[in-house]
Each structure stands twice: as C-alpha cells, then as structure tokens.
Amino acid sequence: MSMDLSEFYEVFYEECYEGLEIMENGLVELDIGAADVEEINTIFRAAHSIKGGSATFDFIEIAGFTHVMETLLDEMRSGDRDVTTASVDLLLESVDCLQEMVNATKAEESIDTERVAKLKSKLEKMLEESESTPSENETNSENEAVSVSSSDSGSTSASTALWLV
C-alpha cells in the first residue's frame with residue numbers, strides 16, 4: 001500500500017519557510033558582540049527544525065548544510081563564539097542559500113551544489129578558525145590563572161588557583 005506524502009511535504013515546506021523567516025529576522029535583529037541568548041536560541045531552533053524535517057524526508061543536502069549553520073549558531077548560544085558582523089553576514093547569506101535549496105527541492109529542480117559547497121566551506125572554515133584560535137575569554141582566563149598561581153606564596157596549588165579564578 002502506497003501512501004500519498006504530498007500533504008506531509010507541503011507541511012514541511014511551510015515550516016521551512018516559517019523557519020527561514022524566523023532565522024532571517026532574528027539574524028538581522030542580533031546585536032553584534034553580546035547578543036541576546038534567547039534570540040540566538042530562537043534562530044537555532046528554527047535551523048534545528050529545518051534540519052530535522054529535511055533529514056526525515058531524506059533531503060540530505062538541506063540537512064547537511066543546515067547542520068553546519070546550526071553548529072555555528074550553537075557556538076554563539078553557548079558563548080563559545082562572539083556574534084560578529086562576519087558571522088551574521090555569513091549566516092544571512094546561508095539563509096538565502098538555504099531558501100534557494102528549499103525552493104529547488106519543492107520545485108523538483110536541481111540544487112546549485114556549487115553555491116552550496118562554497119558557502120558550506122566558508123561556514124566550516126569559520127568553525128575551524130574558532131577551534132584553532134582561543135577566544136578572548138579563554139586567553140584572559142588563562143592569564144588570570146597564571147597570574148594568580150605565579151603570585152601565590154606557595155601555599156595554594158595551581159589547581160586550587162584555577163578554582164579561585
């Protein structure tokens with residue numbers, strides 16, 4: 001017995017378009033630097049829903065691309081990454097690309113895999129840069145821990161000094 005999935009696809013596409021709108025509006029409203037964590041959570045949840053729905057319907061290209069966007073957003077919401085103009089601009093460009101991917105999938109047309117690959121590569125590069133470069137907070141914490149333990153009179157161990165920081 002074959003099931004007609006067209007209704008489910010329509011709901012998926014409607015939810016994608018709603019999620020894309022939430023993501024775009026949220027990114028435009030983000031404050032550079034110390035962004036509102038709840039706003040980032042809202043953007044993240046929209047991306048997460050799109051990723052999950054696409055994976056459910058086996059739209060692997062959409063799910064994979066959205067996963068990389070979601071990873072960048074997760075770093076922002078956890079405080080591991082500052083919200084910068086560069087990251088917001090890249091995410092906005094990625095939302096546009098994601099919209100094109102959803103439109104192409106809905107129309108049963110080919111996805112612009114070259115554009116997708118270029119943007120995914122940019123997102124991955126941004127993620128790699130954050131792994132290889134300690135954030136300012138990490139650098140400051142390390143400096144504070146060093147200064148606390150180096151100014152120590154010897155009665156406190158280095159591990160205890162880390163707890164004091």
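Arg45 is partly exposed, because its relative accessible area is 44%. Here buried means under 20% relative accessible area, exposed means over 50%, and partly exposed lies in between (1.4 Å probe, protein chains only). Arg45 forms a salt bridge with Glu38, with the closest N and O atoms 3.4 Å apart. A salt bridge is a side-chain nitrogen of Lys or Arg within 4 Å of a carboxyl oxygen of Asp or Glu. Glu38 also counts as partly exposed, at 45% relative accessibility.

This is a predicted model, in which local features need pLDDT of at least 70, side-chain atom pairs count only at pLDDT 80 or more, and totals for chains, interfaces and linings use all residues. Residues are numbered from 1 along each chain as its sequence is written, and side-chain values use heavy atoms, with hydrogens and water left out.

**Salt bridges**

The count comes to seven salt bridges.

| Pair | Closest N and O atoms |
|---|---|
| Arg45 and Glu38 | 3.4 Å |
| Lys51 and Glu70 | 2.7 Å |
| Glu10 and Lys106 | 3.9 Å |

Glu10 forms its salt bridge with Lys106. This pair links distant parts of the chain: Glu10 sits in helix 1, Lys106 in helix 4, and they are 96 residues apart. Glu10 counts as partly exposed at 37% relative accessibility. Lys106 is partly exposed too, with a relative accessible area of 36%.

Lys51 forms a salt bridge with Glu70. That pair also links distant parts of the chain, with Lys51 in helix 2 and Glu70 in helix 3, 19 residues apart. Lys51 counts as buried because its relative accessible area is 19%. Glu70 is buried as well, at 4%.

**Overall fold**

The protein chain has seven helices and zero strands. Helices (H or I, at least four residues) and strands (E, at least two) are DSSP runs, numbered from the N terminus. Along the sequence the pattern reads α-α-α-α-α-α-α. Of the 165 residues, 33% count as buried.

Contact means heavy atoms within 4.5 Å. Among contacts in the protein chain with a separation of 6 or more, 68% come from residues 24 or more positions apart. The chain exposes about 10100 Å², and carbon and sulfur atoms supply 49% of it. Accessible areas come from the Shrake-Rupley method with a 1.4 Å probe; for residues, only the protein chains shown count as cover.

**Helix 1 and its cover**

Helix 1 has 24 residues. From its first C-alpha to its last it reaches 35 Å, close to the 34 Å expected at 1.5 Å a residue. The expected span is 1.5 Å times one less than the number of residues.

Which residues of helix 1 are buried? They are Phe12, Tyr13, Cys16, Gly19, Leu20, Met23, Gly26 and Leu27. An α-helix has 3.6 residues a turn, so residues three or four places apart point the same way. What covers the buried residues of helix 1 includes helix 2, helix 3 and helix 4.

Ser54 lies in helix 2. Ser54 is buried, because its relative accessibility is 0%. Leaving aside neighbours within four places in sequence, Ser54 is in contact with Phe12, Phe59, Ile62 and Ala63.

**Cysteines**

How many disulfides does the whole structure hold? A search finds zero. A disulfide is a pair of cysteine sulfur atoms within 2.5 Å. Cys16 is buried, with a relative accessible area of 0%. Cys97 is buried at 1%.

**Surface patch**

Met3, Leu5 and Phe8 form a nonpolar patch on the surface. Together they have about 300 Å² of accessible area. Patches are made of residues with over 30% relative accessible area and no salt bridge; like charges are joined within 9 Å, and nonpolar side chains (Val, Leu, Ile, Met, Phe, Trp, Tyr) within 5 Å. Leu5 is found in the segment before helix 1 (6-29). Leu5 counts as partly exposed at 34% relative accessibility.

**Positive phi in two loops**

Most residues other than glycine have a negative phi. Asp58 has a positive phi near 65 degrees and is not glycine. Asp58 is found in the loop between helix 2 (37-56) and helix 3 (60-78). Asp58 counts as exposed, at 56% relative accessibility.

Glu108 also has a positive phi, about 55 degrees, although it is not a glycine. Its place is the loop between helix 4 (85-106) and helix 5 (113-132). Glu108 is exposed, because its relative accessible area is 76%.
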